[in-house]
Amino acid sequence: MAGQLVAQAQGGPTAQPETPTVEFEEVGGDHALSPDLAGTHGEVHDSGHSEVFPPFDSSTFAGQLIWLAITFALLYVLMSRVALPRIGNIIDQRQARIDGDLAAAEHSRKKTDEAIASYEAALAAARAKAHAMAEETRAGIKSDIDNKRARVEQDLAAKIAGAEASIAATKVEAMGKVDEIAAETVQALVAQISGPVSEAEAHAAVAKASKE
Amino acid sequence: MADPNVVDPIHQFAIYDLVSFGEGGPALTNSALFMALTVAAIGGYLLWSTAPRSIVPGRAQVLSEMLYEFVANMVRGSAGKEGMKFFPFIFSLFMFVLVANLFGMVPYFFTVTSHIIVTFALAALVMAVVIGYGFFRHGPKFLKLFVPAGVPFPILFIVVPIEVISFLSRPVSLSVRLFGNMLAGHITLKVFAGFVVTLGSLGFFGVLGAILPLLMAVAITVLELMVSVVQAYVFAVLASMYINDAIHPSH
């Protein structure tokens, strides 16, 4: 086939209007020799379906492979040496920064918690102290009041007792005078009714009456 | 299909020289140009966006970091911590396929990944890495990959050939999947776009009739953008899973 194609190429593109594209595509590297073919390429291409389907045109394989190798190798080197390490670095750095910041935040939070705890403890202690003081004061006042009340009550009791004693004495005294008053009254009454009576007789009569 | 004289959906895949460097040398073709553009775009974007190395990233840097994290998680997930050694390789593969696919969606741009030789070369590269690293790391024990543990001896006569065939078909399926998706998508898109042009030139009713394929073309464009991303992802995931086989051959 290759020989035939070369023969066609030697025969020239005008010898067979249907096939020159095939020859053109099949003989790789011929392009440089015949740049005028590039112009005919397009029109022949449009009209012809006899040519090789471009993706299966093996004459372009070598060129594509070479270029793919060059470009992909370049891409690989660029990626593995420059781009990816750089992006990886950026991401790692950010991660480190985030981790550091988080640790710092955690540290601050712990400190805050400690401060809150110590404040709470101080507050509780102060409250307890205040409570104790209030309790003590209340107890002091209460005992004071109790003392005073006891004293006042004692005082009052003594005064009551004194008063009661004087009342009793007065009563006894008054009772003692009742007989005398009665005798005098009797003496006066009897004198009015039947003549004078001695004081002694009046007394005896009163005593006798009061006994009955 | 629309009139082939008006629309040729195959034409977009043609490779032609842009600049020739003398006889026999690798001429700068449109394919080569877009491979170079792909690499330039990837490298340029990643380096440009990460140049400030800011702790609080801007939008451009966030995208770069997301791509990095995405591929890193993918490799770590399917190949483990040890697989991270191949992270630059998988990342390069993913980005190359992704950007090449997406470039293909730009009108008049050439789709590098629509050529079977390119996808096959990438798949073969993956398999070469798998086999090379497998033997380098495990020596002959790497062949345990084809001998599942705990299978009775007589059944091995059936299982081992199946394993070998499945291993050998990997590069084929890997490359044909990507190639087929890109090729078919672009042809479909071109055909529908061709309908629009052809019908549109047929007068009033033609223009009315062109609305439907126009909507289809828009829908397929969206679909193809998705396929571009998904295929890049699938390629990279499968590559990292195959590399996982090289790291842990006894499964």
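**Figure 1. B:Y108 in the loop between α3 and α4 of chain B.** In this predicted model, B:Y108 lies in the loop that runs between α3 and α4 of chain B. Its phi is near 70°, a positive value in a residue other than glycine. Most residues other than glycine have a negative phi. B:Y108 counts as exposed, because its relative accessibility of 86% is over the 50% cut-off.

**Figure 2. B:R53 in the loop between α1 and α2 of chain B.** The loop between α1 and α2 of chain B holds B:R53. B:R53 is a residue other than glycine with a positive phi, near 50°. With a relative accessible area of 43%, B:R53 is partly exposed.

**Figure 3. The interface of chain A and chain B.** Contact between the chains involves 38 residues of chain A and 53 residues of chain B. The area buried between chain A and chain B is about 4200 Å², and carbon and sulfur atoms give 76% of that area. Polar contacts across this interface number 6 residue pairs, both residues of each being at pLDDT 80 or more. On the chain A side, α3 (36-47) and α4 (61-194) each supply at least two of the residues that touch chain B. The largest share, 25 residues, comes from α4(A). By class, the side of chain A that touches chain B has 23 nonpolar, 10 polar and 5 charged residues.

**Figure 4. The salt bridge between B:E65 and A:R94.** Across the interface of chain A and chain B, 1 salt bridge is found. B:E65 and A:R94 form a salt bridge in which the closest N and O atoms are 2.7 Å apart. The structure holds 9 salt bridges over all chains.

**Figure 5. The largest nonpolar core.** This core has 66 residues. The members that touch the most other members are B:I90, B:F91, B:F96, B:L122 and B:V126. Two or more residues each come from α4 of chain A and, in chain B, from α1 (30-50), α2 (59-79), α3 (87-104), α4 (116-138), α5 (153-200) and α6 (204-247). Of these elements, α3(B) gives the most to the core, with 13 residues. In soluble globular proteins, nonpolar side chains tend to be buried together.

**Figure 6. Contacts of B:F91.** B:F91 is one of the residues that touch the most other members of the largest nonpolar core. Neighbours within four places in sequence are left aside in this view. In chain A, B:F91 is then in contact with A:M79 and A:L84. Its contacts in chain B are B:L46, B:L67, B:Y68 and B:V71.

**Figure 7. The salt-bridge network of A:E106, A:R109 and A:D113.** Salt bridges link A:E106, A:R109 and A:D113 in a network. Between A:R109 and A:E106, the closest N and O atoms are 3.1 Å apart. These two residues are separated by about one helical turn, because they are 3 residues apart in helix α4 of chain A. The salt bridge between A:D113 and A:R109 has its closest N and O atoms 3.3 Å apart. A:D113 and A:R109 also lie in helix α4 of chain A, 4 residues apart, about one turn of the helix. The relative accessible area is 43% for A:R109, which is partly exposed. A:E106 is likewise partly exposed, at 36%, as is A:D113, at 39%.

**Figure 8. The salt bridge between A:R149 and A:D146.** The side chains of A:R149 and A:D146 meet in a salt bridge with an N to O distance of 3.9 Å. A:R149 and A:D146 are 3 residues apart in helix α4 of chain A, so about one helical turn separates them. A:R149 has a relative accessible area of 48% and is partly exposed. A:D146 counts as partly exposed at 36% relative accessibility.

Key: Residues numbered from 1 in each chain as written. Chains lettered and ligands numbered in written order. Heavy atoms only, no water. Contact = heavy atoms within 4.5 Å. Buried area = accessible area lost by both parts, 1.4 Å probe. Salt bridge = Lys/Arg side-chain N within 4 Å of Asp/Glu carboxyl O. Polar contact = N/O pair within 3.5 Å; in protein donor to acceptor, adjacent residues only side chain to side chain. Nonpolar A, V, L, I, M, F, W, Y, C, P; charged D, E, K, R; others polar. Core = buried A, V, L, I, M, F, W, Y, C linked by side-chain atoms within 4.5 Å. Buried < 20%, exposed > 50% of the residue type's maximum accessible area, 1.4 Å probe, protein only.
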